[in-house]
Amino acid sequence: MKITVVGTGYVGLVSGTCLAEVGNDVLCLDVDPEKIRILEEGGIPIYEPGLQDMVRRNVAAGRLRFTTDIEKAVQHGTIQFIAVGTPPDEDGSADLQYVLAAARNIGRLMTDYKVVIDKSTVPVGTGAKVKAALVDELQKRGVEIPFSVVSNPEFLKEGAAVEDFMRPDRIVVGAEDEQAIHLMRALYAPFQRNHERLIVTDVKSAELIKYAANAMLATRISFMNELANLAEVLGADIEMVRQGIGSDPRIGYHFLYPGCGYGGSCFPKDVKALVKTAQDDAGITLKVLTAVEEANDAQKHVLSSKISKRFGDLKGRHFAVWGLAFKPNTDDMREAPSRELIADLFAAGATVTAYDPVAMHETQRIFGDEPRLAYAENPMAALDGADALVIVTEWKEFRSPDFEAIKKKLKAPVIFDGRNIYDPKLVRSLGIEYFAIGR
């Protein structure tokens with residue numbers, strides 16, 4: 001099948017590359033010439049395990065190409081994926097300007113039947129807006145060309161996006177005409193050979209499924225974070241509590257790990273957008289999700305509160321931070337808890353040396369030439385001259401450190417663990433003060 005993907009971010013580049021991997025002819029469009037230059041030279045503009053090799057393989061095979069030429073992109077694919085950004089507006093709603101601009105370009109330049117697919121995470125009702133934009137552009141041209149609008153939300157986890165696309169647990173297709181549904185079944189047939197994973201709904205239900213899924217997962221995280229804070233005060237161990245409730249098959253273990261807050265491009269933005277959609281479009285206050293957001297905002301300051309409680313005045317103090325990305329296996333710093341922690345430490349008069357396997361360049365872009373923030377070449381180098389170690393991201397390389405070496409490096413043997421990756425009894429038995437979340 002001939003496929004056009006508009007946007008080469010996480011969703012667009014992963015989707016386009018995986019669709020090329022199963023034999024399709026894919027053209028990826030981006031208006032940023034720098035992104036296209038990087039891709040054409042064999043690089044990728046994001047960090048995602050396994051993606052670069054797959055991109056190179058499919059480019060070499062001639063199945064995957066990149067362009068900044070909008071007309072060429074519209075003419076190429078019967079299938080037109082819109083996978084552009086939907087950043088939060090100032091009021092928390094999703095900004096649809098890039099989605100609607102892509103739709104208008106398709107309507108302005110299409111000459112034959114197209115299936116226009118919203119792959120970006122968009123609020124309920126966006127499908128109707130995309131359809132209206134297409135109709136408006138066709139009417140301006142005085143032509144009638146058939147098209148279908150489909151909602152096909154992505155469920156990709158950063159750090160495991162390639163695996164999630166190639167082996168999906170479900171494929172949601174919101175469509176209202178048989179031709180589009182038939183084409184979508186054909187498109188996704190290679191990804192569900194052993195059993196049917198495709199769920200066909202109306203467009204609005206598909207749009208809501210995406211928001212509902214992310215909101216549910218965010219709710220589980222905030223719920224556990226609040227329980228962890230309670231457990232700490234009561235003297236209970238949240239890890240024992242997690243095992244006790246996770247063993248209930250109605251609850252399960254996924255997304256029950258307490259920590260220093262969730263971040264990334266999806267959960268914070270999607271919870272805000274769903275709350276805003278409910279308020280503006282339905283006049284409904286989503287009380288649970290409002291609380292989820294408030295709890296998460298507060299949780300991002302838990303580590304800095306623990307540090308202040310332990311050390312008192314932080315002026316002149318220096319801290320080592322392990323982990324900057326919002327989660328392992330990505331360089332994504334959007335809404336990362338590390339950003340709030342570092343800002344809190346700066347505000348209290350402290351300085352930081354940080355280490356992250358892949359996110360330091362992105363952090364430098366965000367913080368610029370901040371004199372209070374230094375970067376280390378490896379985890380142990382970050383400890384030089386530090387009053388304590390603060391762990392924010394649970395990268396695998398942090399799981400089994402040399403605790404004796406950590407003790408020698410730090411001014412005081414103190415660890416603040418925002419992801420509960422160590423056994424408190426073990427660490428404390430080595431003479432290290434250990435502050436975790438709810439333990």
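Buried means under 20% relative accessible area, exposed means over 50%, and partly exposed lies in between (1.4 Å probe, protein chains only). The model is predicted: local features need pLDDT of at least 70, side-chain atom pairs count only at pLDDT 80 or more, and totals for chains, interfaces and linings use all residues. Residues are numbered from 1 along each chain as its sequence is written, and side-chain values use heavy atoms, with hydrogens and water left out.

**View 1. Arg242 in helix α10.** Arg242 lies in helix α10 (residues 238-246); helices are DSSP runs of H or I, at least four residues, numbered from the N terminus. Arg242 counts as buried because its relative accessibility is 8%. Contact means heavy atoms within 4.5 Å. Leaving aside neighbours within four places in sequence, Arg242 touches Met224, Tyr253, Leu256 and Tyr257.

**View 2. Packing of α5 on α6.** Helix α5 (residues 97-109) and helix α6 (residues 126-141) pack at about 35°, with axes 8 Å apart. Axes are lines fitted to C-alpha atoms over the stretch in contact, and angles run from 0 to 180 degrees between N-to-C directions. Residues that meet include Val99, Leu100 and Ala103 in α5 and Val130, Ala133 and Leu134 in α6. The contact divides into nine nonpolar, two polar and seven charged residues.

**View 3. The largest cavity.** A cavity is a set of points on a 1 Å grid over the protein atoms alone where a 1.4 Å probe fits but cannot get out; lining residues have an atom within 4 Å of a point. Asp118, Ser120, Thr121, Val122, Ser151, Pro153, Ala206, Glu207 and Lys210 line the largest cavity. Helix α9 (residues 203-234) gives the most to this lining, three residues.

Methods. Helix = DSSP H or I, 4+ residues; strand = E, 2+ residues; numbered from the N terminus. Nonpolar A, V, L, I, M, F, W, Y, C, P; charged D, E, K, R; others polar. 1 Å grid on protein atoms, 1.4 Å probe; cavity = no way out; pocket = protein on both sides within 12 Å on 5 of 7 lines; lining within 4 Å.
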